[in-house]
Amino acid sequence: MIQQKMIDHLFRHQYGKMVSILTRIFGLQHLQTIEDAVQDTFINAIKAWQGNIPENPEAWLTMSAKNRVLDLFRKFSAEDKRIAKIVTGAETIAINELFLEHEVDDSVLRMIFAACNPILNSKDQIAFALKTISGFSGKEIATALLLKEETVKKRLTRARKNIQEGQIAFEIPAGAELEHRLHRVLEVIYLIFNEGFHSNRKDILIREELCGEAMRLAKTLLTNPFTATPNSYAVFALFCFQSARLSSKINSQKEIISLKDQDRSKWHRPLIALGHRNMEKAVAGENYGYYHYEAAIAAQHALASSYASTDWDKILMWYQRLNTLENSPFNLLNMAVVQIQRGDLPAARELLEKINPNLLEQRAYLYYGTYAEYALHIGNKTLALKYIDQAITMVRNDAELKYLRKKKSEYEAT
């Protein structure tokens with residue numbers, strides 16, 4: 001059990017690194033072989049580590065994956081000369097240097113930007129990046145992107161084909177191309193974090209390993225002067241603010257604790273301070289984007305010493321600016337929640353009536369849960385129970401289902 005947990009942890013943290021390093025050695029054209037080798041390596045680790053975990057499991061995994069790639073390549077006669085050079089030639093010294101920490105980070109950056117190459121269909125880029133960078137399964141990608149697994153499979157196949165045909169370079173672009181591609185890179189990292197912070201899976205709500213992976217990738221962007229942009233700093237600041245309160249979202253019985261009832265003494269203050277330091281760098285320029293406003297909202301929650309002292313007026317202002325940048329049913333829903341907290345119930349209703357819950361896809365239950373809360377505030381218990389029942393029938397996550405049922409019991413008791 002311990003070995004399995006460690007392997008699961010290492011898979012999430014090492015998969016992207018291993019694929020990136022091996023891709024830098026063998027080339028993007030062999031990505032399918034590399035991914036197969038990495039998968040095989042983790043399967044072999046489960047057998048090899050029974051009661052005997054190596055001192056440096058990360059190094060064991062990477063070198064085993066490298067050797068597995070070589071084994072697979074030996075089956076292809078066209079690769080014989082290249083294999084000889086890699087195994088015994090002068091290239092071996094240069095290859096070994098790729099396993100140094102700063103070179104690993106550079107390889108990961110290259111993979112992120114390769115995955116977000118505009119040669120790939122924009123819809124394929126995110127699915128491909130989630131697979132190659134963080135080792136998401138087809139099912140996880142489908143859940144994160146609200147797609148069918150078969151659709152994801154087609155997108156991944158198409159992306160690999162386009163890489164082969166387009167001879168995509170394993171490099172970080174320069175100039176205007178860098179700025180354009182960085183936008184998609186940040187979107188991918190943001191999606192990884194969101195799946196960790198509020199998972200779409202049935203059996204678990206928070207996946208801390210994904211939040212950690214997204215933070216690592218975002219921090220990697222900040223190590224390169226060309227990718228350490230205000231938007232990159234804003235994304236990292238947002239992750240810091242949100243991660244700081246992860247431990248207070250769920251209790252020991254895996255029950256959701258609402259923001260109002262969370263123990264703020266458990267919020268990780270060093271992470272909040274790190275968020276503020278990065279936010280200062282994010283706002284050094286004059287242009288603010290989507291991530292700046294999301295980070296500003298998260299910062300307001302982090303600043304409040306209690307739920308009662310939350311500055312809802314400022315949070316509403318940031319949401320309004322966010323929605324001006326990108327009109328979204330989720331932004332409208334969040335604004336409705338804020339208006340309920342402010343006591344402006346007519347404004348909350350106006351916002352709720354603007355939302356088509358079908359556009360919220362798998363999160364539509366949030367709309368009905370919010371409408372139930374609004375109905376309770378206006379004293380319409382019957383309507384509140386109707387909408388909370390609707391939310392209960394739609395929610396997929398076990399912890400959220402339990403939370404909504406508890407809310408229903410509270411409504412019935414009022």
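**Rings, core and a helix**

Ring pairs join Tyr367, Tyr368, Tyr371, Tyr374 and Tyr387 into a cluster, where rings of Phe, Tyr and Trp (its six-membered ring) pair if their centres lie within 6.5 Å. This is a predicted model, in which local features need pLDDT of at least 70 and side-chain atom pairs count only at pLDDT 80 or more, while totals for chains, interfaces and linings use all residues. Residues are numbered from 1 along each chain as its sequence is written, and side-chain values use heavy atoms, with hydrogens and water left out.

**Aromatic rings**

- The structure holds 12 aromatic pairs.
- The rings of Phe193 and Phe197 have centres 5.9 Å apart and planes at 15°, so this pair is stacked, a word for planes under 30 degrees apart, whereas over 60 counts as edge-to-face and the rest as tilted.
- Lys249 lies over the face of Phe197, at 3.6 Å from the ring centre, and a charge sits over a ring if NZ of Lys or CZ of Arg is within 6 Å of the ring centre and within 35 degrees of the ring normal.

**Nonpolar core**

- Of the 135 residues in the largest nonpolar core, Val38 and Phe239 touch the most other members; such a core is a set of buried Ala, Val, Leu, Ile, Met, Phe, Trp, Tyr and Cys residues joined through side-chain atoms within 4.5 Å.
- Phe193 is buried, with a relative accessible area of 2%, and buried means under 20%, exposed over 50% and partly exposed in between (1.4 Å probe, protein chains only).

**Helix 20**

- In helix 20, the buried residues are Ala399, Glu400, Leu401, Leu404, Lys407 and Tyr411; helices (H or I, at least four residues) and strands (E, at least two) are DSSP runs, numbered from the N terminus.
- These buried residues of helix 20 pack against helix 18 (364-377) and helix 19 (381-394), contact meaning heavy atoms within 4.5 Å.
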